[in-house]
Every structure is written in structure tokens, then in C-alpha cells.
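Take a look at the model below. The text then walks through it, strand by strand and chain by chain.

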Amino acid sequence: MSTSVKTSHLKNHTSFIQSVKNSLTMAYRGILKIRRTPEQLFDVTLQPIIFTLMFTYIFGGAISGDVQSYLPVIIPGILVQTVISTSIVTGVQLREDMDKGVFDRFKSLPIARIAPLAGALLADTIRYTIATVLTFAMGYIMGYRPDGGFENVLLSALLVIFVSWSVSWIFAFFGVIARTASSVQGISMLVLFPLTFLSNAFVPVDTMPKWLQWFVNINPVTHVVSAVRELTNSGTAGWDLGISLIGAVAIVAVFAPITVRAYMRRT
Amino acid sequence: MEYRPNNGDWAVEANGLVKLFGDNRAVDGVDMNVKAGSIYGVLGPNGAGKTTTIRMLATLLRPDAGSARIFGHDVVKESQIVRQLIGVTGQYASVDESLSATENLIIFSRLLGLGRAESKKKAADLLEEFGLTEAAKRPLKNFSGGMRRRLDLAASLIAQPPLIFLDEPTTGLDPRTRSQMWDTIRRLVNTGSTVLLTTQYLEEADQLADRIAVIDRGKVVAEGTGDELKQSVGTSSLHLRVENQSDIEIARQTVEQVLKVPSTLSSEAAKITAPMANADLITDLLIALREKGITLSEVSVQKPTLDEVFLTITGHGVEEDKTKDPNRAEAVTV
């Protein structure tokens, strides 16, 4: 039997619209996976609850005199710290996913090369949203009443989610280049720990030695924390918000292209 | 390379494909031409380079040298076109473990550009066709090997691609599921698809494939129809053990004289194997052995195994201890 296959109508590139569609489908897959394996959400549900309780009651008296006056300081701090650290999972899961057989199929499909990556990052914003909502809820239960009002709390939540999504590109990069999922976890913790703790998230900067203050003040996490504090506590948006947004965009501008390139090379 | 006009008559044209993993030449200059509408079998042991070859043809791996075209489209330069023409079913099920069968098929359909309702219908149709409707909502973790393979194959057929790659579609399946899989593969070709499959089983290649390439250590060592290949190893093969170890050399000479083919001695040096073109010759052989006073402990005439095809074609047996080789190409490809 002789079969002729006409192939002249086929195109060798993926359109922008198709790329977006493919990415959304991959994000849908990510959400289905979260729904199927809810234990994946342990970290984003338990960490905000435990950390908020722990840090508030341990440091509250020492730093602000009492727990109530520490809340406006710690809730924005713990929020940024928790949500950013949940973005590590993006890299770890991406690595695990890429090792599975199903990734072969994705690679053999005529879809946008970026879609599995973009979809994974997009689906993870759900995780950041859960962590954000829970941290604010914990704060509210403990008596935190932000003076900035609901709209500004919402704005700060969006800011934190956006920043975490940007930071997740860094971990996605590690996820793509690393050999194993556990090494992704290791490298990411190494990057994240100094970034979140060497900031103004938990204690006032002026209590630190001068040389450390220098780093803390240029640490982008400090600016994000300050921006969230300004928004939630006084309803103002200042220079820190600007720096946070610029920093987040800069991270994406650097890491998105190199991640995509490394990812393409591997696939 | 000579330019050949292609009107879609050739599904696969591979010229001198090479893939290196470190120092290991996993694929070492593979040439392959597959006619559209046929089943082509790639036969070889573990680590021969079958999977690596398929992965290069399916745009999953970049060849280090050589070129390949799918219906005339280069796998490197026109990879996105090639992907619209192929379906790939991997050796390890390429479906999502944490999702249900329906969800898997819907996601693949959506990725291939089908609408929401269309995807649902396609998923339901394919599950029906592959007898998976009852298990449609169950998570794949509880699927048997056969069900997983069927789902995997179903996923490859969503876009009705003209060329389908099947990497060891029946390895690890029980005989009943295997023959079901064979029926499915034959049905595919009846609908006009071309199938390129790899296998470790001569019988499978023989049953399904119009042409077979035998591949060993990254090279095609023989190519032809099933009959042509079997002629080279005889239609059956002789296995013979002698009672007395000292008779083994005489027995071997007798075998070679009567059958007029080279024989081989098994590694324990107790068993002689030789290809037989004609099973009737066994009578002559047994008489000759008795005349020489050789007592046999065991004799049998069997269908040739892959081992013997290999022995005859390559001059060495299937090396089972290849699993110890860290550069083994099959499982470690990235």
C-alpha cells in the first residue's frame, strides 16, 4: 500500500496565541495535579500558620515590647518570607516533572516549547495566593488590623504574589539545570535563607552591625517588606514599592531568558 | 548527500545518524528508510541504540552527526513540522501518573488544539476504542502495565499522525495483552498510518513488520524482510548437549559436516547450537552421531531466538551484562 502524506501546509513555528493557549493548558494541568495531590499544599498551609504564630510570640516582646505592637512589623515580614520561600517548590517540582515520561510526550507534541515551563510557573501562583491569604488570616486572628484598609492589603497581596512569581524564575532555572530534585532544594535554600533573613523582615535594621545594614538595605527582600508595610499599615505607596517592582521585573528579565534557553537545550 | 525528491512516499529517511553519550557511541551511523504505510521493525537487544535512534527521529534528541527526514522534513531544522506528523509512545509510559486517563487525554487533546468539547469527546472515543472506559476516572497509579501502554498509545493517536513511533510496545506485557497490542498496531496501518516500532523479540518483528532492521552497538547490521533475515539464521535452530564432555569437539565437527553451517559453543561449553535451514536434517545428524558413538544428553530443534539471529549476524551473542555499563544508552537518555 502506498500512502502519500501532504505536508506543505504545515508551519515550522508556533504563534504567540498558540503559545499562550498551550501555557494555559499546562497551567490547567498543574492545577489538576494540585487537586489530585493535596498533600503538595502542606507547606503553603502549615508554614504560614506555624511561622506566624512562632515568630510573633517569640520575638514580639523582645522587639516591639508586646505582641500587639509587633504585628504590623512581623505580618508583612513573615508574609514576604513565607510566600517567597514557597516558590522554591516550583524548581523542585519542575525537576521532578522533567524526569518523568510524560515530559517526553510534551516535547514530542507540536506545542510551544515554553508552555510546560510557563504553565508550571503560572499554576504555582495558586500556592502563593493560599500562603498569602493564610498569613493575613493568621494575623487577623491574632489581632492585626491593618490601617491601610482592605484595598491596600489586597494590593500588597498582589505585590507579594507577583514578586514570588518573579523569584520562582530563579528556582525554575536551578530546576532546569540541576541533576536531581534534592539538589534544587539544596541550592535554592542556600540562596533564599540569606535573602530572607538578612532583611528587615523580623527585626529593625538599626539594631544590626553597620556592615550588615549595608547588605540589608540593598537586599531586594527588604524593599518588598517595606513596601508591604507601607501599603498595609499606612496605605501609602512609595519608593520601596517602585524598587520592588523594578527588582521583580529585573529578575524575570534576566532569569526567564536564560531559563528558557537552558530548558530548550535540555529538551 | 544526494537529494531525493520526496512526494511523501518515504515516512523516514535517516542518513548516518550518530549520537554520543560521553565516549559511548550509542548510535553510530544509522541509515534507515521507511516506506509510508508500512510497519518497520527495529530489532535489537538492550543498549543497542534503538531508543536513542527513535528519540532522534522523534525530535527528542539532537543527532551529533547525520541527518533524518520525516516525510521529507528535516528533524532538526523543521522540528516543529515533524512534531505535527508524528506520535510517540515511549518505552516508559509517557502519561501523567497523578492524573486520570480522561484528564490525560483531554490535556493532550487541548495541547493539540482541540476545543473543550471536542477534547472531551476525543478522550471518550479513544478510551472506548482501547477498552479503558471503565477505568477512565481512576488514577493511573492503579493501572496495570497493559492498560498504561494502551492509554499511552491512545494518547499518540489523538491527532491521527501519519507516522507513529512505538518504543518496545509490548515489553513486559503478558501474552494475551501482547496479542491485543499487535492487533491494535495492525489496525493502525490499515487506516493508513506508518508505524516504526522497536522490539527485542524476533517473533514480534516477524509478526508485525514489513521490513526489519537489526541493530547492534549503534549500527544497523542487517536489514530486510522477516523471511530474508530468517534465511540467514535458518528456519529453526539446533540445541545439543553431549553426555560425555570429551566428545564435544567431535560432536561439533559432525554437526558442521551434516548441516554445512558454522556452529557455536555455549559459554558453559556444554551446549552446541547451530542454525538449521531444514528441520529434516536432524535425522541425518542423529544417525551420524550414533555411528560415531556419541551419547547425547539433550537435543532439541527450536525456532531461532534473537540470540541466534544475533550470533549469526554479528558473530557475538546478546550481552546480558550490558546493564553494568554506565553508558548504557537505553534507560539513561535525557
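Start at strand S7 of chain B, where both faces are covered. Leu163(B), Phe165(B) and Asp167(B) lie on one side and Ile164(B) and Leu166(B) on the other, and all are buried. Buried means that 20 or more other C-beta atoms lie within 10 Å of the residue's own; exposed means 12 or fewer, partly exposed is in between, and C-beta atoms are placed from the backbone. Strands (E, at least two residues) and helices (H or I, at least four) are DSSP runs, numbered from the N terminus. Five of the five residues of S7(B) are buried, so the strand is largely enclosed by the rest of the structure. In a regular strand the side chains alternate between the two faces of the sheet.

This is a predicted model: local features need pLDDT of at least 70, side-chain atom pairs count only at pLDDT 80 or more, and totals for chains, interfaces and linings use all residues. Residues are numbered from 1 along each chain as its sequence is written, while chains are lettered from A and ligands numbered from 1 in the order in which they are written.

Now follow the partners of S7(B). Two strands pair if DSSP finds at least two bridges between them. Strand S6 (residues 86-89) of chain B runs parallel to S7(B), joined by four bridges. Here Gly87(B) has Ile164(B) as its bridge partner. S7(B) and S8(B) also run parallel, with five bridges. In that pair Leu163(B) stands opposite Thr194(B).

S8(B) leads on to strand S3. S3(B) and strand S8 (residues 194-199) of chain B run parallel over five bridges, and Gly41(B) faces Leu197(B) across them. Strand S9 (residues 211-216) of chain B is another parallel partner of S3(B), through four bridges. There Tyr40(B) stands opposite Arg211(B).

Is S3(B) buried or exposed? Five of the five residues of this strand (residues 39-43) are buried, so S3 of chain B is largely enclosed by the rest of the structure. Ile39(B), Gly41(B) and Leu43(B) point one way, and Tyr40(B) and Val42(B) the other.

A further sheet in chain B is open and antiparallel. Its four strands come in the order S2-S1-S4-S5. Strand S2 (24-35) and strand S5 (73-74) of chain B are at the edges with a single partner strand each, so one side of each has no neighbour in the sheet. Inside the order, strand S1 (residues 10-21) and strand S4 (residues 65-70) of chain B pair antiparallel over five bridges. Ala14(B) stands opposite Ala68(B) in S4(B). Helix H1 (residues 50-57) of chain B packs on this sheet and touches S1, S2 and S4 of chain B. Two residues are in contact if their C-beta atoms, placed from the backbone, lie within 7 Å. The direction of H1(B) makes about 120 degrees with that of S1(B). Axes are lines fitted to C-alpha atoms, for helices over the stretch in contact, and angles run from 0 to 180 degrees between N-to-C directions.

Two loop residues of chain B deserve a look. Most residues other than glycine have a negative phi. Gln160(B) has a positive phi, near 45 degrees. Gln160(B) sits in the loop between helix H5 (145-156) and strand S7 (163-167) of chain B, and is exposed, with 12 other C-beta atoms within 10 Å. The phi of Lys260(B) is also positive, near 60 degrees. Lys260(B) lies in the loop between helix H9 (248-259) and strand S12 (264-265) of chain B. With 10 C-beta neighbours inside 10 Å, Lys260(B) is exposed.

Step back to chain B as a whole. It has 12 helices and 14 strands, and 47% of its 334 residues are buried. An automatic or database assignment sets the domain bounds: domain 1 is 10-230 and domain 2 is 235-303. Their centres, taken over C-alpha atoms, are 40 Å apart.

Finally, turn to chain A. The contact between the chains takes 28 residues from chain A and 37 residues from chain B. Helix H1 (16-36) and helix H5 (101-108) of chain A each supply at least two residues of chain A's side. Elsewhere in chain A, eight of the nine residues of helix H6 (residues 115-123) are buried, so H6(A) is largely enclosed by the rest of the structure.
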